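Good morning, and thank you for coming.

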Amino acid sequence: MPIFLTGFMGVGKTTVGKRLGELQQLPVIDMDHYIEEKEGMKIKDIFSEKGEWHFRSIETAALKDLMKVEAVITTGGGIIERLENREMLAAVQTVFHLFCSFEVLWERLEGDSERPLVQKNSMDGLLELYNRRLPLYRNVSKIEIDTTYKTIDETISELKRNLTS
Ligand SMILES: Nc1ncnc2c1ncn2[C@@H]1O[C@H](COP(=O)(O)OP(=O)(O)OP(=O)(O)O)[C@@H](O)[C@H]1O
Ligand SMILES: O=C(O)C1=C[C@@H](O)[C@@H](O)[C@H](O)C1
Ligand SMILES: [Mg+2]
């Protein structure tokens, strides 16, 4: 079964997942990169040229492709938007929610030019999205790690502890 990392944009899924895969000697698949390769387009261009609804459909198809691979899979921040995705994830034991306070995330995300939903939203709009999504991440995941005051290495240690216990 895959190890899934979920959580809001900027929480560190891609960064942490890459290192976790190296340590666990597992391949790492970042769903955003997987989609970009498959489509031959950047996420922000898929959003602007084809729209978010289309992106979400590709994302669901990608999740279906990846449900059985032996790998660390770092999901896109919006993976919990679709019920179909939430049902797939909820059936897996090794789904981690990386939590981080909005204040810390905002410092990381402000000014980002690659994430279309950061471009599109004001700070208040993003906070609303964060608050709406939080219970969804919690519903699909089996383990939550509060990364707010953790370094990347500390988050990885906690992930590893949970994987071996
Ligand atoms: N303590 C920390 N934990 C995780 N990331 C951190 C930390 N401190 C700084 N960062 C930085 O925050 C950024 C997190 O971005 P990353 O792309 O890994 O997030 P993501 O969860 O994959 O976002 P997205 O959902 O948009 O793909 C990286 O640039 C990382 O270096
Ligand atoms: O939170 C989101 O909805 C997104 C997060 C990114 O990982 C990308 O999947 C895309 O920018 C959408
Ligand atoms: Mg990412």
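Helix H8 lies across strands E1, E4 and E5, and H8 runs at about 150 degrees to E4. Helix H9 also packs on the sheet, where H9 touches E4 and E5, and the direction of H9 makes about 160 degrees with that of E5. Axes here are lines fitted to C-alpha atoms, for helices over the stretch in contact, and angles run from 0 to 180 degrees between N-to-C directions. Helices (H or I, at least four residues) and strands (E, at least two) are DSSP runs, numbered from the N terminus. Two residues are in contact if their C-beta atoms, placed from the backbone, lie within 7 Å.

Please note that this is a predicted model, in which local features need pLDDT of at least 70 and side-chain atom pairs count only at pLDDT 80 or more, while totals for chains, interfaces and linings use all residues. Residues are numbered from 1 along each chain as its sequence is written, and chains are lettered from A and ligands numbered from 1 in the order in which they are written.

In what order do the five strands of the open sheet stand? The order is E2-E3-E1-E4-E5, with parallel pairing; two strands pair if DSSP finds at least two bridges between them. Strand E2 (28-30) and strand E5 (143-146) are the edge strands, each pairing on one side only. Direction ignored, neighbouring strands are turned against each other by 20 degrees on average.

Strand E1 (residues 3-6) is joined by three bridges to strand E3 (residues 72-74), with Leu5 partnered by Thr74. Three bridges also join E1 to strand E4 (residues 95-99), and there Phe4 is partnered by Val95. In a regular strand the side chains alternate between the two faces of the sheet.

Let us return to H8 (residues 123-140), which contains Leu136. Leu136 counts as partly exposed because it has 19 C-beta neighbours inside 10 Å. Leu136 touches Ile80 and Arg86, leaving aside residues up to four places away in sequence. The axes of H8 and helix H5 (residues 83-90) come within 8 Å and cross at roughly 35 degrees. Arg86, Leu89 and Ala90 of H5 meet Leu136, Asn139 and Val140 of H8. By class, this contact has four nonpolar, one polar and one charged residues; Ala, Val, Leu, Ile, Met, Phe, Trp, Tyr, Cys and Pro count as nonpolar, Asp, Glu, Lys and Arg as charged, and the others, Gly among them, as polar.

Finally, the ligands. Which residues come nearest to ligand 1? Of the 20 residues around ligand 1, they are Gly12, Lys13, Thr14, Thr15 and Gly77; a residue is near a molecule if its C-beta atom, placed from the backbone, lies within 6 Å of it. The largest share of this shell, four residues, comes from H1. The shell divides into four nonpolar, 11 polar and five charged residues. Ligand 2 is surrounded by residues that include Met9, Asp32, Arg115 and Pro116, and its shell holds four nonpolar, three polar and two charged residues.

How values were computed. A residue is buried if 20 or more other C-beta atoms lie within 10 Å of its own, exposed if 12 or fewer, and partly exposed in between; C-beta atoms are placed from the backbone.
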